[in-house]
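Please have a look at the model first.

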Amino acid sequence: MTPEIADILSSEITPKISTLVTSNLRQSRNDHIGAGDVLGITIFELGNGLFSSSDKTAPTSDGAAVGGSAPHISSQNLPPTQVEGDGTIMVPYVGRMNVLGKTPSQVAAVIQEHLKGKSQDPQVMVRIQNDIGNTVIVSGEIIHPGRVVLSLADEHLSDVIAIAGGAKYPPTDSQVELVRNGKIGATDLATLENHPEEDIRADPGDRIHVIYQPRTFTAFGAVGQTQARNEVQFGTAKLTLAGALARIGGPADSRADGNAVYLIRYENEMVCKRLGVPIKPGMDSAPVVYEIDMLNPTQYFLAQRIPMKDHDSILIADAATDSIFKINMIVGALFGQAASMAAVAAR
């Protein structure tokens, strides 16, 4: 491990979920009508109109009732109207019209324009009763998986997950997979919470899948801490090599070779190219072993700069004198037993 190698490893840019954002100039479209939406249409008319029942009070041409009474205003709610797959709906006395991508107010204005001349002073209100087009699907290790409706607040990925009840497991162990326009991006929930630039806005049609996937590394050899399992969880959003060594207690003082600590991992093609490590044809990664001398103080500072990756392995080699140490332990145990037996015999 040299400063140059540490620079390469610390500067590696992992694929970010924010790369799925095609433009920073995106305007909110969460109020636009999509295929499958169910619209509620209310039509207000002055006097007797197309959609109102007959009334005994006959209005004049200006809408005022005969005899000076107040004009009669009627309203009619049309049956719920679902937007068909081609983006059209059917409205009485208007005909078939395309509403795909329009806002409710734009659709109301079109209907109102078509009713002029057929109805007296028509006023139209359109609302989305059942929003399908402006939704995302959240699945996986979520408290309430299902469909989440987006609003004009422009919810971000972490907002959508929170609306769905939140993840069942800690953020560092919850992998967030986003499918958008046929492309896939992934990161952990802790990154979304701690790095706002990665917590991108959710778009209609997104599919968000939360997976319980704790990141781990494997430690074996002469580690300083006795563990029930050799697999150790990260437990944090970012873990350096120095932090990983601390989690396993570092090299064992009595039997480890501090000069021979090894980090074993697969590196991608870009890192291998910078390191000068050849990759076999048809492969996109290669196994690399880094040697760290923990008896050299400089190496401690380098270890603080190297980020750990999921499924990394740390090997701490036994000291060359460890075999002699083990023999002495065995001999000592045997002599101890013999001395105990002699003492019992003397009694």
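Does F217 count as buried or exposed? At 0% relative accessibility, F217 counts as buried (under 20% relative accessible area is buried, over 50% exposed and in between partly exposed, with a 1.4 Å probe and protein chains only). This is a predicted model, where local features need pLDDT of at least 70, side-chain atom pairs count only at pLDDT 80 or more, and totals for chains, interfaces and linings use all residues. Residues are numbered from 1 along each chain as its sequence is written, and side-chain values use heavy atoms, leaving out hydrogens and water.

**Aromatic pairs**
- The structure holds 2 aromatic pairs (ring centres of Phe, Tyr or Trp, the last by its six-membered ring, within 6.5 Å; planes under 30 degrees apart are stacked, over 60 edge-to-face, the rest tilted).
- Y169 and Y212 are stacked, at 3.9 Å centre to centre with 25° between the planes.
- Y169 is partly exposed at 36%, and Y212 is partly exposed at 36% too.
- F217 and F234 make a tilted pair, with centres 6.2 Å apart and planes at 55°.
- F234 is buried, at 2% relative accessibility.

**The sheet**
- An open sheet of 5 strands runs in the order β8-β7-β11-β9-β10, with mixed pairing (strands are DSSP E runs of at least two residues, numbered from the N terminus; two strands pair if DSSP finds at least two bridges between them).
- β8 (146-149) and β10 (183-188) stand at the edges with a single partner strand each, so one side of each lacks a neighbour in the sheet.
- β9 and β11 run antiparallel, joined by 6 bridges.
- Q175 has I211 in β11 as its bridge partner.

Key: Helices (H or I, at least four residues) and strands (E, at least two) are DSSP runs, numbered from the N terminus.
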